Amino acid sequence: MLKRYPSSTLAVTALSLVMAGSAMATPIKHYTLLSGNPDGTYRIDPQHTNVLFTIGHVGITQFTGCFDKIAGSYTFNAQNPGKDRVQITIPAARINTGYVLRDVHLRSKEFFDVKKYPDITFVSSKYVPNGKDTGDLYGNLTLHGITKPVVFQVRELGAGNVSYLPKPWGGYLSGFVATTTIHRSDFGIDAYLPEGLSNAVSIKVEVEGVKK
């Protein structure tokens, strides 16, 4: 015959087992950004770099998509920002909104016209620090065959040696986030203005680079 124990006794026993297990477990370390020197020239890692865009949809909400391929390089010099350089190329056909028919429409002549204008490019002209880890990146954005000056707000995240990652991802890495807002009509993309889609498009670039 099974011996019955009061529910309070069972609860205390269970709590004791949980606490004992916690005491024996290895403490989990907190995720922290590396704080090494970011100076140097880096190749952009396309598998860990994102280009996101957000646009207003029918006056109701916002919608975010991305470009799932990016190539380029950047040079960062904290002591001499005048030597900073950024060059990025994005195939316009690699637009990805998670819906195939919409992506086909966006690649058409009504929007990006990717057959005529296959690449989106950004080439920097100067970087002006405005804080310990922040600054403004000036340059020229070429989109839909039109080149216009833009300014990205840049925030340095982390830098350091990551030796446990295999090539081509491991090595000395650095990371930045850059944001800006453009008006698509400035680049000749004016479909569904003004009621269907907003003219203002917010852009966010999350960059991870491997030091050359």
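The model is predicted, so local features need pLDDT of at least 70 and side-chain atom pairs count only at pLDDT 80 or more, while totals for chains, interfaces and linings use all residues. Residues are numbered from 1 along each chain as its sequence is written, and side-chain values use heavy atoms, with hydrogens and water left out.

**Exercise 1. Salt bridges**

Find how many salt bridges the model has, and say where D68 and R94 lie.

Step 1: Start with the rule. A salt bridge is a side-chain nitrogen of Lys or Arg within 4 Å of a carboxyl oxygen of Asp or Glu. Side chains of opposite charge can pair when their charged atoms come close.

Step 2: Apply the rule, and the count comes to 3 salt bridges.

Step 3: Take D68 and R94, whose side chains meet with N to O at 2.9 Å. This pair links distant parts of the chain, 26 residues apart: D68 is in the loop between β3 (61–67) and β4 (71–76), and R94 is in the loop between β5 (85–91) and β6 (95–96). Strands here are DSSP runs (E, at least two residues), numbered from the N terminus.

**Exercise 2. Buried or exposed?**

Sort K132, D133, E206 and K204 by accessibility.

Step 1: Set the cut-offs. Buried means under 20% relative accessible area, exposed over 50%, and partly exposed in between (1.4 Å probe, protein chains only).

Step 2: K132 has 77% relative accessibility, so K132 counts as exposed.

Step 3: E206 is partly exposed at 25%, and K204 is partly exposed at 34%.

**Exercise 3. Around L157**

Work out where L157 sits and which residues it is in contact with.

Step 1: L157 is found in strand β9 (residues 146–162).

Step 2: With 29% relative accessibility, L157 is partly exposed.

Step 3: List the contacts (heavy atoms within 4.5 Å). Leaving aside neighbours within four places in sequence, L157 is in contact with L33, L34, G175, F176 and V177.

Step 4: Now compare with E206 from above. L157 and E206 are 49 residues apart in sequence, and their C-alpha atoms are 9.9 Å apart in space.

Technical notes
Helices (H or I, at least four residues) and strands (E, at least two) are DSSP runs, numbered from the N terminus.
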